[in-house]
Amino acid sequence: MRILIAEDDHVLADGLLRTLRSSGAAVDHVASGAEADAALLATDEFDLLILDLGLPRLHGLEVLKRLRGRGSALPVLILTAADSVEERVQGLDFGADDYMAKPFSLQELEARVRALTRRGMGATSSTIKHGPLVYDQAGRGASIDGRMVELSARELGLLEVLLQRAGRLVSKDQLVERLCEWGEEVSLNAIEVYIHRLRKKIEKGPIRIATVRGLGYCLEKIPSSP
Amino acid sequence: MKLFQRAQNSLFGEILDSLLAPALLIVLLSIGVTWLVARGIANAPYDRALAHSVRVLAQEAVTAQQQERAFAPAPALMALLRGSEHDQAWYQVVDEAGRHVAGHADLPPPLSDAAAPGTVYITDGLLGGQEVRIAQLRVPLGRPGQPAFNGPPRIVLGEGNAPEPLPATEPPRPDDGAGPAAGKGRALVVQLAETRRRQAVHAGEITTGVLLPQFALLPLAVMLLWIALARGIKPLSVVEERIRERRPDDLSPIDETTVPLEVAPLVSALNVLLGKLADSINTQKRFLADAAHQLKTPLAGLRMQADLALREAADAQALKQSLKQIGRSSIRATHTVNQLLALARAEGGSGALARQPCDMARLTMEVVREAVPRAMDRALDLGYDGAEPGTRGVEVLGNATLLRELIRNLLDNAINYTPSSPGRPGVITAHVLADPFGHVLLLQVEDNGPGIAEAERELVFEPFYRVLGNEADGSGLGLPIVREIAGQHRATITLEDAHPGMQPPGTRVTVRFDTSQETA
C-alpha cells in the first residue's frame, strides 16, 4: 500500500509516517499544497491521500479540487484543525471520502485508513477473500484454509497489490511504485525475488500468480464453482 | 434659581428653571405695574373733583373778599366739597404774605413754588395724623363780578414738580380795591385738604380684581409648561426603550431617521461607536478562532506521538523518537501561546503607552546578544553592525519592553528561516542607522535566506500565515506582532530583498522610526 501524506506540521507528520509504516505501507510525505499537487500529478500509484487542509502554498481544498478535476478516484482522508460543520460539508462536497478533526487518536486514524483503502480495493469488510486465501487488512496477515501464512512486510505489500487488482495485469514498474517510497531503491530483479518467495508461500490450490512475460504479473481470478 | 434641579444635571429641570425665573420676574413686575396703574387710575377722578372743589371754594373766597365780608362757607357747601361721607375735608385761605384769612389753621403751609395763578397743585400731606390729599390754588383778586377762572382747572400733581410757567390768566392789577386789612394784596391762596379713605378702598378693589387672576395664572403656566416639556421629551424615552429592548449582542446601528432632529447627531455618534465596537469584537472573535485552530495541530502531534509511544511494539528507539517529537510540539505550542499573548499585549496597550526615551542601539545589541545561543545552535552567523549606544539620534520615544519584543521577533524570523550549511553559511545582521538631522532612525535585520516573494510581502503580516521554508518552528505571529508594535510607535515597515539579483536573495526588514520629537 502506498500512501501520500500532505501535512506541514513536522511532528504530526512524523507520527503519521511512523504509524503507517509500521503497518507495512509505503508512505511519502509532502509539506505544502504545491508539492502535493505535483506529487499527485507525477504518479497515480497512491492508494490513499491523507490531506491536511491548512497547507502552505496551496490550500488543501484546492489540491483536492484539482485531483478530482483530473478524474482521479483516489481515496482522500482530510485532516483539519477547524471542526465546523461548514468545513466538513465543504470538504466532503469537494470530493473527500472521509474527515478527521485534530487532535485524533491513533487507533481511529488507522481504522479509517483501513476503511478507505478497503473501499479502494472494492472490499466491504476488513478481510478480503480470494478462494481459500483470506487476507486480513487490519491484522496484517494472510491465511489459507484457516492456517496463518508467514509473510514479510514486502510480501504482504505485494500480495495486497495483486489482490487489489485481482484478475488484472500489474506491471513490474507499478509494483515498484506501489511498494516503494521515494528514495528507496528496489530493483526489478528484487521484485522477481519477492514474487518467487510469495508464490512459494501462497500458491496452493486455485491460487496462482501468473507471469505475463515482458509485462508483469497477475493474480488469477478464482473461477466460480460450477 | 434652582427650584427644579436634582443632583444630576436635568435638562427638564434646567429648562423649567430658566423659564420659571423670568416668568416669576415678569409676574412680579406686572403686579407692581398693575398696582401703580390702579393707584393712578383711582387717583385721577378724585383729584379732578378736588380741583373743582378748591376752585369753587376759591371763587367763594374771592367773592367774600370783594364783598369785604368774612369768608365762611355754609356747611352744606362743605358737605358738597367733601369727597364722600367716609371722608373729611378742611380748608384754609391765606393771603399773599401768608397771613391767615379763613379756615383751619393747621394745614401745612402752601407751596412757595406753586405760583402759577389758576393752576391747582395737588400734593399729599399729613393733618392731625391722618393722610390727606391737599389741593392748593392761587387766585388773583380781580374786579368784582368777574369770574376768577376760565375753563377747566389745570392740575399739577405731586411735590417737587416744577410747575411750568403759564401765561398769567389775569394780568396783575396796578391797584386793588379797598378791603379788610388782612386781605390786602392781589391774590389769595386757597387750600383744600381731604382724606382719601374712599379712594383707598376703591384702589384696593381695582388692584385685587386685576392681580388676583394673575396669581392664579402662575401655577397654571408652570403646569402647562411642565406638560409641554414632558411631551416634548417623550421621544427620548422612545429611543431609550428601543435601545433597552435590544439583545445584548445586537450591535447594529440605531435607526437615525425616526429620532427627533436634535437627538439625531447623538444617535449618529452612538452608531459610529457601535460600529467600532462590533469591529473590535469581530476581530477578537476571529483571532480567538484562529488561535484555537493553530493550537490544535501541535496538540494533534502530541497526541499521536504519545499514542505511538504507548504501543506495545515500541522499542527504546521509537520511544526516544516519540518523546523528542513530543518535546518539539510542546515547545511549539508554548511558543504560539506566548506569541498570542505578546500580540494581545501589544494591541491592548495602544491606549496608554508609557513612553520613555529608548536607546535603540543599546536595545538591539542586548536582544542580539540574547539570540546568539539560538543562532549558534543552527550554525548561523549573527552579528550587529550599526550605531553605538549613546550617539546622537539613536533615541526613540517609546516602550522599551515592546521595542525589545519587536527586535526579538525580527531576529527570530531570520534565525528560523535562514538555512545554514558548511558550504553556504547563514548570515544574519542587525543594523541601527541614525540620522539626527533628518530625524529618522532605521532598524534593519538582514539575512541571506530564501527571501520573501513579492506576492507574499503583504500576506506575511497576516496572523498565522507561514511562508514555507525549511523546518520552520515559527508560530506565524512574528510579523503581525512587529507590525502592531511599529504602528504604536508610528514607525513604518518595509520588506525587500537583501541582495537583489543574487541567489538566494535574502531578506531585509526595515523599520523606520520618526525621531523628530526627541531631545537626543
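Two strands pair if DSSP finds at least two bridges between them. Helices (H or I, at least four residues) and strands (E, at least two) are DSSP runs, numbered from the N terminus.

This is a predicted model, in which local features need pLDDT of at least 70, side-chain atom pairs count only at pLDDT 80 or more, and totals for chains, interfaces and linings use all residues. Residues are numbered from 1 along each chain as its sequence is written, while chains are lettered from A and ligands numbered from 1 in the order in which they are written.

**Exercise 1. Describe the sheet of chain A that contains E10, E11 and E12.**

Solution. Step one is the order: the three strands form an open sheet, E10-E12-E11, with antiparallel pairing.

Step two is the edges. Strand E10 (170-171) and strand E11 (209-212) of chain A each have a single partner strand, so one side of each is left without a neighbour in the sheet.

Step three is the pairing of E10(A) with strand E12 (residues 216-219) of chain A: the two run antiparallel and are joined by two bridges. In this pairing A:Val170 stands opposite A:Tyr217 of E12(A).

Step four is the helix on the sheet. Helix H6 (residues 153-164) of chain A packs there and touches E10, E11 and E12 of chain A. Two residues are in contact if their C-beta atoms, placed from the backbone, lie within 7 Å. The direction of H6(A) makes about 70 degrees with that of E12(A); axes are lines fitted to C-alpha atoms, for helices over the stretch in contact, and angles run from 0 to 180 degrees between N-to-C directions.

**Exercise 2. Summarise chain A as a whole, then locate its cis peptide bond at A:Pro103.**

Solution. Chain A has eight helices and 12 strands. Of its 226 residues, 37% count as buried. A residue is buried if 20 or more other C-beta atoms lie within 10 Å of its own, exposed if 12 or fewer, and partly exposed in between, with C-beta atoms placed from the backbone. Among contacts in chain A between residues at least 6 apart in sequence, 59% join residues at least 24 apart.

The cis bond runs from A:Lys102 to A:Pro103, with omega near -10 degrees. A:Pro103 lies in the loop between strand E5 (98-101) and helix H5 (106-121) of chain A.

**Exercise 3. Work out which parts of chain B touch chain A.**

Solution. Start with the count: 18 residues of chain B are in contact with 20 residues of chain A. Next come the elements: helix H4 (264-310) and helix H5 (316-348) of chain B each supply at least two residues of the side that touches chain A. H4(B) gives the most, with 12 residues. The residues on this side of chain B divide into six nonpolar, six polar and six charged. Here Ala, Val, Leu, Ile, Met, Phe, Trp, Tyr, Cys and Pro count as nonpolar, Asp, Glu, Lys and Arg as charged, and the others, Gly among them, as polar.

Then take one helix pair across the two chains. The axes of helix H1 (residues 10-22) of chain A and H4(B) come within 8 Å and cross at roughly 35 degrees. Their crossing is left-handed, meaning that the near helix is turned anticlockwise from the far one by less than a right angle (right-handed if clockwise). Residues making the contact include A:Leu12 and A:Leu16 of H1(A) and B:Ala300 and B:Met304 of H4(B).

Finally, look at H4(B) alone. This helix has 47 residues and reaches 68 Å from its first C-alpha to its last, close to the 69 Å expected at 1.5 Å a residue; the expected span is 1.5 Å times one less than the number of residues. Its buried residues include B:Ala291, B:Thr297 and B:Leu308.

**Exercise 4. Describe the packing of H6(B) against H7(B), and the loop residue B:Ala379.**

Solution. Helix H6 (residues 360-377) and helix H7 (residues 400-417) of chain B pack at an angle of about 35 degrees, with their axes 10 Å apart. H6(B) passes H7(B) in a right-handed crossing. The residues of this contact divide into 10 nonpolar, one polar and three charged.

B:Ala379 is in the loop between H6 and strand E8 (380-384) of chain B. Its phi is near 55 degrees, a positive value in a residue other than glycine. B:Ala379 counts as exposed because 12 C-beta neighbours lie inside 10 Å.
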